[in-house]
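The following note sets out comments on the model under review.

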Amino acid sequence: MALVIEGEERIAAPIEKVWAALNDPAVLKDSIPGCQSLEKTSDNELAATVVLKIGPIKATFNGEVTLKNLNPPRSYTIQGEGKGGIAGFAKGGADVKLTEDGPDSTILKYEAKADVGGKIAQLGSRLITSTSKKLAGEFFSTFGKKVGG
């Protein structure tokens, strides 16, 4: 089951600070809902463990995240794949673009694509879509508060 999530967040911080935070595993870990661990394995790769509850299913996903198409401090693509055992899998990515909005403000736009399979996919597209949008919104809202706070 594939879905697309788009959004925008205004962050009260200069573009360089937002870019640095987008590449900081500690900031990302604190911003990702349910993230238990996020460790850098190379310059552009991270290993993650995330616990998510989607409807009646709670699963721990172990996966890898890769940063691609880096265009500092303007944009990058973040791609990831996680396996949740019998619950299934999730994989996807997001194109993230930063635009200056004055000296101390940045507009972060994202377009994320995700694909889920296994038991999770059997929950129905409405539940998965609403949960995915909620999680994306939580991530970018938390990220914006941490960086611009």
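**Comments on the predicted model**

1. Confidence. Within the protein, helix H3 (residues 125–148) has the lowest confidence, with a mean of 90, while helix H1 (residues 15–22) has the highest, at 97. The model is predicted, and the average pLDDT of the protein is 92. A score of at least 70 is reached by 100% of the residues.

2. The protein contains three helices and seven strands. Read from the N terminus, the order of elements is β-α-α-β-β-β-β-β-β-α. The radius of gyration is 15 Å, close to the 15 Å given by the globule rule for 149 residues, so the protein is as compact as a globular protein of that length.

3. Dimensions and contacts. The C-alpha trace spans about 45 × 30 × 25 Å along its principal axes. Of the contacts between residues at least 6 apart in sequence, 52% join residues at least 24 apart.

4. Burial and surface. Of the 149 residues in the protein, 38% count as buried. The accessible surface amounts to about 8100 Å², and carbon and sulfur atoms account for 51% of that area.

5. Charge. The protein carries 19 positive and 18 negative side chains. The centres of these two sets are 8 Å apart.

6. Ser31. Which residues does Ser31 touch, leaving aside those up to four places away in sequence? They are Glu138, Phe139, Thr142, Phe143 and Lys146. Ser31 itself belongs to helix H2 (residues 25–31), whereas the range of helix H3 is residues 125–148. The relative accessibility of Ser31 is 2%, and Ser31 counts as buried because this value is under 20%.

7. Gly102. Is Gly102 buried or partly exposed? Its relative accessible area is 41%, and Gly102 is therefore partly exposed, this class lying between the 20% and 50% cut-offs. Gly102 is located in the loop between strand E6 (89–100) and strand E7 (106–117). A separation of 42 Å lies between the C-alpha atoms of Gly102 and Ala59, two residues that are 43 residues apart along the chain.

8. Two residues side by side.

Terms used:
Residues are numbered from 1 along each chain as its sequence is written. This is a predicted model: local features need pLDDT of at least 70, side-chain atom pairs count only at pLDDT 80 or more; totals for chains, interfaces and linings use all residues. Side-chain values use heavy atoms; hydrogens and water are left out. Helices (H or I, at least four residues) and strands (E, at least two) are DSSP runs, numbered from the N terminus. The radius of gyration is taken over C-alpha atoms; the globule rule is 2.2 Å times the number of residues to the power 0.38. Buried means under 20% relative accessible area, exposed over 50%, partly exposed in between (1.4 Å probe, protein chains only). Contact means heavy atoms within 4.5 Å. Accessible areas come from the Shrake-Rupley method with a 1.4 Å probe; for residues, only the protein chains shown count as cover. Lys and Arg count as positive and Asp and Glu as negative; His and the chain ends are not counted. The place of a charge is taken as NZ of Lys, CZ of Arg, CG of Asp or CD of Glu. pLDDT is the predictor's confidence in each residue, from 0 to 100.
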